[in-house]
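Thank you all for coming; I would like to walk you through one model this morning, taking a few places in turn. Please keep the sequence and the picture open while I talk.

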Amino acid sequence: MEFLNAFSHLDWPLVLHLTGQHITLVGIAVTLAILVGVPLGILMTRFPSLAGPLQASATVLLTVPSIALFGLLLPFYSKFGQGLGPMPAITAVFLYSLLPIMRNTYLALTSVEPGIREAARGIGMTFGQRLRMVELPIAVPVILAGVRTAVVMNIGVMTIAATIGAGGLGVLILASISRSDMSMLIVGAVLVSVLAIIADLLLQVLQRSLTPKRTAQMIELQNLSKTFQSNGKDVKAVDSVSLTVNEGEICVFLGPSGCGKSTTLKMINRLIKPTSGKILINGEDTTGLDEVTLRRNIGYVIQQIGLFPNMTIEENIVVVPKLLGWDKQKCHDRARELMSMIKLEPKQYLHRYPRELSGGQQQRIGVIRALAADAPLLLMDEPFGAVDPINREMIQNEFFEMQRALNKTVIMVSHDIDEAIKLGDKIAIFRAGKLLQIDHPDTLLAHPADEFVSNFVGQDSTLKRLLLVKAEDAADNAPSVSPQTPVAEALELMDEHDRRYVVVTCTENRALGYVRRRDLHRQSGTCSQYQRDFNATAAYDEHLRILLSRMYEFNRSWLPVMDAERVFLGEVTQESIAEYLSSGKSRGGKTSIVSPAETAAA
């Protein structure tokens, strides 16, 4: 009751005025923290050696209680006539806001997918251009999360004390009540808590609005079938195929000749009209769309390349953008941009004709022509099949880099299982018009749906999996010691875990080196005296084929696994690799197969 009475007798114009002052103070401080913290995060990205000292310095500030920090600032600002005013409060809030904003900027930028960064560098972007055009826009949602933390932390109870001298809510508490009236203190706390909740909700909405929205199902085939007439009889080339390819994925269609994979692909852009079934793109049934409009919004690459011999390379690239009404300058810029992505000098090649290029160069042009209008969906019918093996691998690598940067949804027909494993996020196996299995490549190799799929992927499927499994997947947890660990303790740890060596880490769990049992035997002192440097290590995202090669190269039976900051994550051994490959685990999860009746019928 006392609380309600206190609440009803508040001077509400004063409450609103002081609340506005409180919000303004926090807004100014957090804005300053953004203006300083984001550049500092960028600086740490550019010069990683600065990351540790800068983050440690900002962390130290948070160990000082807010009221103490505010108090420490008063003598300094009092020399300038700002002792009990907004300046020390703004400074205190600014310093408390700096760490989450700076840290989130650094984490967001360093977490940008390496393929995106590499693709940006590959097309000639400077660090500044890459930062401005690619990395910062991607990082905005994560940076906003840091801003949310700063705002909520500082608009809440932490800033009540800091705003006493700034005309904020602290003034309301002290000016409107006696020191013994605790109910009014509760009123102030409630008001500040409500402000914090509202600020958090508003920033969540802003963060979500700036987070790139991903379509759950980019393309979906529902019971798609095609029946041809042959010698007066109906022949089912494609029989009730249903599958989903998500946005940004590459799905590779595999199977023997005549299995229906190319027919399925061509039904998507209606080069072949389906007999029955539906094709949905972003949830929209394409049946009612004009086929010309449909095709202009889907990129298409074929094995025969299909460049127009009467057109220059530039005219070939921009043929679809011109049909869509792009102006001349925009078309020219797009052609130059795409030529740079495939590392062909625009000035040297744009005005040539297809006959003046090699087969590999022509195939590159065929790929970027499909990308010219920035279509979200790309269909590729054995696009690299006619290229010699050396050029094929080079074009595959270039295409993979482009795909990871542009995030297109790709459906590709191939006859090469190795190509499918290398490029595909999913592989779909066809036989006699039926879809037998669609899965992540690792799941397909680990758990083939039937004998046909097993034979098709080859008897060396376990070796093929080495290209798909990452170090972090096959890593075992492993003990570690610090440089200060006594030798006796290290030996005891090795005995407990039956090991001949143990990794040495610092307090941040970064790997520094290792010690061997034989070096410590009958010795005293600490591990730092016997520490050895690694001559070979494993990054968490490297695949097992690379790691096995490195083990044999350096005659090692194990490799420490570390992240980008050298944080020790565990170790990969020849035994752990063999155990993972034989365990039934796979990176793709549950196997996707058709019903046994359909498999038998096929």
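Predicted model: local features only at pLDDT ≥ 70, side-chain atom pairs only at ≥ 80, totals over all residues.

Helix H18 itself covers residues 389-406, which makes 18 residues, and from its first C-alpha to its last it reaches 25 Å, close to the 26 Å expected at 1.5 Å a residue. After the helix comes Asn407, and the phi of Asn407 is positive, near 60 degrees.

How many of the eight residues of helix H11 are buried? In H11, which is made of residues 261-268, six of the eight are buried, and therefore the helix is largely enclosed by the rest of the structure. Those six are Lys261, Thr263, Thr264, Leu265, Met267 and Ile268. Here, too, the residue that follows can be named: Arg270 comes after H11, and its phi is positive, near 60 degrees.

Let me step back to the chain as a whole for a moment. The chain contains 28 helices and 16 strands, and of its 602 residues, 47% are buried. If we take the contacts between residues at least 6 apart in sequence, 67% of them join residues at least 24 apart. As for the surface, the chain exposes about 29,400 Å², and carbon and sulfur atoms supply 56% of that area.

One piece of that surface deserves a look of its own. Ile28, Leu32, Leu35 and Val36 form a nonpolar patch there, and together they have about 330 Å² of accessible area. Leu32, one of these residues, belongs to helix H2, which runs over residues 12-46, and because its relative accessible area is 37%, Leu32 counts as partly exposed.

Now to the charged residues, where the general idea is that side chains of opposite charge can pair when their charged atoms come close. A search of the whole structure finds 11 salt bridges, and I have picked out a few of them.

Asp239 forms a salt bridge with Lys236, and the closest N and O atoms of that pair are 3.3 Å apart. Is Lys236 buried or partly exposed? Its relative accessibility is 44%, so Lys236 counts as partly exposed, whereas Asp239, with a relative accessible area of 17%, is buried, the cut-off for buried being under 20%. Asp239 also forms a salt bridge with Lys434, in which the closest N and O atoms are 2.8 Å apart. This second pair links distant parts of the chain, since Asp239 sits in strand S2 (residues 233-245) and Lys434 in strand S10 (residues 434-439), 195 residues apart. Both Asp239 and Lys434 are buried.

Another salt bridge joins Arg499 and Glu571, whose closest N and O atoms are 2.1 Å apart. Arg499 lies in the loop between helix H24 (487-497) and strand S12 (501-505), while Glu571 lies in strand S16 (residues 568-573), so the pair ties together parts that are 72 residues apart in sequence. Arg499 has a relative accessibility of 14% and so counts as buried, and Glu571 is buried as well, with a relative accessible area of 4%. Leaving aside residues up to four places away in sequence, Glu571 touches several others, including Ala474, Asp476, Arg499, Tyr501, Trp558 and Pro560.

My last stop is Glu315, which is found in helix H13, residues 313-317. With a relative accessibility of 34%, Glu315 counts as partly exposed. What does its side chain reach? The side chain of Glu315 reaches the backbone nitrogen of Thr312, at 2.9 Å. The C-alpha atoms of Glu315 and His351 are separated by 8.5 Å, although these residues are 36 residues apart along the chain.

Terms used
Residues numbered from 1 in each chain as written. Heavy atoms only, no water. Buried < 20%, exposed > 50% of the residue type's maximum accessible area, 1.4 Å probe, protein only. Helix = DSSP H or I, 4+ residues; strand = E, 2+ residues; numbered from the N terminus. Polar contact = N/O pair within 3.5 Å; in protein donor to acceptor, adjacent residues only side chain to side chain. Expected span 1.5 Å × (residues − 1). Patch = residues over 30% accessible without salt bridge, like charges linked within 9 Å, V, L, I, M, F, W, Y side chains within 5 Å. Areas by Shrake-Rupley, 256 points an atom, 1.4 Å probe, with all protein chains shown as cover. Salt bridge = Lys/Arg side-chain N within 4 Å of Asp/Glu carboxyl O. Contact = heavy atoms within 4.5 Å.
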